[in-house]
Amino acid sequence: MSEEVAATSFEACLEALGHVERRRLLLSLLNGTSDEDRAVTLDQLDSDAEDETLKLSMHHVHLPKLEESGFIDANRQEHFVTRGPRFNEIQPLLELLDNNRGQLPDGWV
């Protein structure tokens, strides 16, 4: 008998989207057209970070949180992040944010 995996809750999706850096990372994975385009390098994340504290929180808080939820896969040896096995569960919310960028307050995405 195979085990069914419960779908990610709406609250878990909102928690993942609760920090602007996590939203930006997930949106960058959304917008690629191929698997290669959907990979984000850790160097790119570090260069986008404004200060050392943000870099540390990205590596020690945000990446682990998104990876634990299954929304991303972080390959620290190869220094890149790709869509995780549950990315499709948060994708509709990401598309909603992406399609309405112009109507959202500055700093939301």
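**A buried arginine, its surroundings and the nonpolar core**

Leaving aside residues up to four places away in sequence, R22 touches E15, A16, H62, K65 and L66, where contact means heavy atoms within 4.5 Å. The model is predicted, so local features need pLDDT of at least 70 and side-chain atom pairs count only at pLDDT 80 or more, whereas totals for chains, interfaces and linings use all residues. Residues are numbered from 1 along each chain as its sequence is written, and side-chain values use heavy atoms, with hydrogens and water left out.

R22 lies in helix α2; helices (H or I, at least four residues) and strands (E, at least two) are DSSP runs, numbered from the N terminus. R22 is buried and has no salt bridge. Buried means under 20% relative accessible area, exposed over 50%, and partly exposed in between (1.4 Å probe, protein chains only). A salt bridge is a side-chain nitrogen of Lys or Arg within 4 Å of a carboxyl oxygen of Asp or Glu. The nearest side chain of opposite charge to R22 is E15, 4.2 Å away; for charge, Lys and Arg count as positive and Asp and Glu as negative, while His and the chain ends are not counted. The side chain of R22 does form a polar contact of 2.9 Å with that of H62. Such a contact is a pair of N or O atoms within 3.5 Å; within protein, one must be able to donate a hydrogen and the other to accept it, and residues adjacent in sequence count only if both atoms are side-chain atoms.

The structure holds four salt bridges. One of them joins E15 and K65 (2.9 Å, N to O). This pair links distant parts of the chain, with E15 in helix α1 and K65 in helix α4, 50 residues apart. Another salt bridge joins E21 and R24 (3.5 Å, N to O). Because E21 and R24 are three residues apart in helix α2, about one helical turn separates them.

The largest nonpolar core has 21 residues, of which L25, L26, I72, I90 and L94 touch the most other members. A nonpolar core is a set of buried Ala, Val, Leu, Ile, Met, Phe, Trp, Tyr and Cys residues joined through side-chain atoms within 4.5 Å. Two or more residues of this core come from each of α1 (10-16), α2 (20-30), α4 (52-69), β2 (72-75) and α5 (87-99). Beyond its neighbours within four places in sequence, L94 is in contact with L17, L26, L27, L30 and F87. In soluble globular proteins, nonpolar side chains tend to be buried together.
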